[in-house]
Amino acid sequence: MAEALAAKSAAGAGAREEPLSLGLVPTMGALHQGHRSMMDAARAENDVVVATVFINPLQFNDPEDLRRYPRTLEADVELLGDAGVDLVFAPDEDEVYPEGAPLVRVSSGDLGARYEGASRPGHFDGVLTVVAKLLHYASPAAASGTPVRYRAYFGQKDAQQLVLIRRMVADLNFDTEVKAVPVVRAPDGLAESSRNGFLDPVHRRAAAVLPHALFSLRDRVSAGEAPDLAAAVALVKAQPLVELDYFDIVDPQTLQPLRATDGPLEKPALALLAAQVGSVRLIDNLPLENPDTA
């Protein structure tokens, strides 16, 4: 990382007013257009872009889920090259965890025990631990003594993860700006995910009920009406191939559930859900905002 930044610094010597910048995009591989959007955002804002590809065993509470997670490094590197990424860091597990599972980990606290954390105990502790390590690996602090802005890019699709990473960065004083990249959706509305590839055509069609339920909430709120969460839940439950885990409307910053209201939303909110579709667990979310109170 230091060498790449030093080269950029030398190339722009005498003409630069803003500090150099480095954008980090952590991934677990099996890259899709959602990841590409993060690369594009990082490329547009930074002098050097670094992507990581590491399937983190700490965040899988189901060994079978870890075993079947797609491993497509060759295709991933090709996509990263097309996206203009400067450096790819794809370490082995032994490099990230040289002594096996780490004794000391980052705790996600009470926030990490809700929603996804309730269904996947320990998941967010594993996420935060590896993200902390990756932020350290890519840190530009030692790059030739030149001031460097450091940004890390994460997808809004993993809303709870994003909130927790922001909190970790603030609580542990990482000198990193966390950037959220909007959800990328397929033509049927389904949020892009590496897990979508496990859906057969029948379950893929059934899964489309998830974004449709979210859009129904957004449309009501955008029209100045009260969000009808019960109706959105009923829409999902009417699809027999989809088993709903949770569906809630929360504060976007804290993920605290918002009280049900008979009137329009008075502040921005976030609808988030998770469901089992066949053998595949899917998550999604959508911002809700009443234009009259924006």
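Tutor: What follows looks at strand S4, starting from the chain that holds it.
The model is predicted. Its protein chain has 11 helices and eight strands. The radius of gyration is 20 Å, close to the 19 Å that the globule rule gives for 294 residues, so the chain is as compact as a globular protein of that length. Along the principal axes, the C-alpha atoms fill a box of roughly 60 × 45 × 35 Å. Of the 294 residues, 49% are buried. For contacts between residues at least 6 apart in sequence, 71% join residues at least 24 apart. As for charge, the chain carries 27 positive and 41 negative side chains, with the centres of the two sets 2 Å apart.

Within this chain, S4 covers residues 148–155. The strand is mostly covered, with seven of its eight residues buried, that is, under 20% relative accessible area. S4 pairs with strand S1, residues 20–27, through five bridges, and the two run parallel. In that pairing, Arg-151 of S4 stands opposite Gly-23. S4 also pairs with strand S5, residues 177–181. This pairing is again in the parallel sense and has five bridges. Here Phe-154 has Ala-180 in S5 as its bridge partner. To sum up the strand, S4 is joined to S1 and to S5, and seven of its eight residues are buried.

Definitions and conventions
Residues numbered from 1 in each chain as written. Predicted model: local features only at pLDDT ≥ 70, side-chain atom pairs only at ≥ 80, totals over all residues. Heavy atoms only, no water. Helix = DSSP H or I, 4+ residues; strand = E, 2+ residues; numbered from the N terminus. Rg over C-alpha atoms; globule rule 2.2 N^0.38 Å. Buried < 20%, exposed > 50% of the residue type's maximum accessible area, 1.4 Å probe, protein only. Contact = heavy atoms within 4.5 Å. Lys, Arg positive; Asp, Glu negative; His and termini not counted. Charge placed at Lys NZ, Arg CZ, Asp CG, Glu CD. Pairing = 2+ DSSP bridges.
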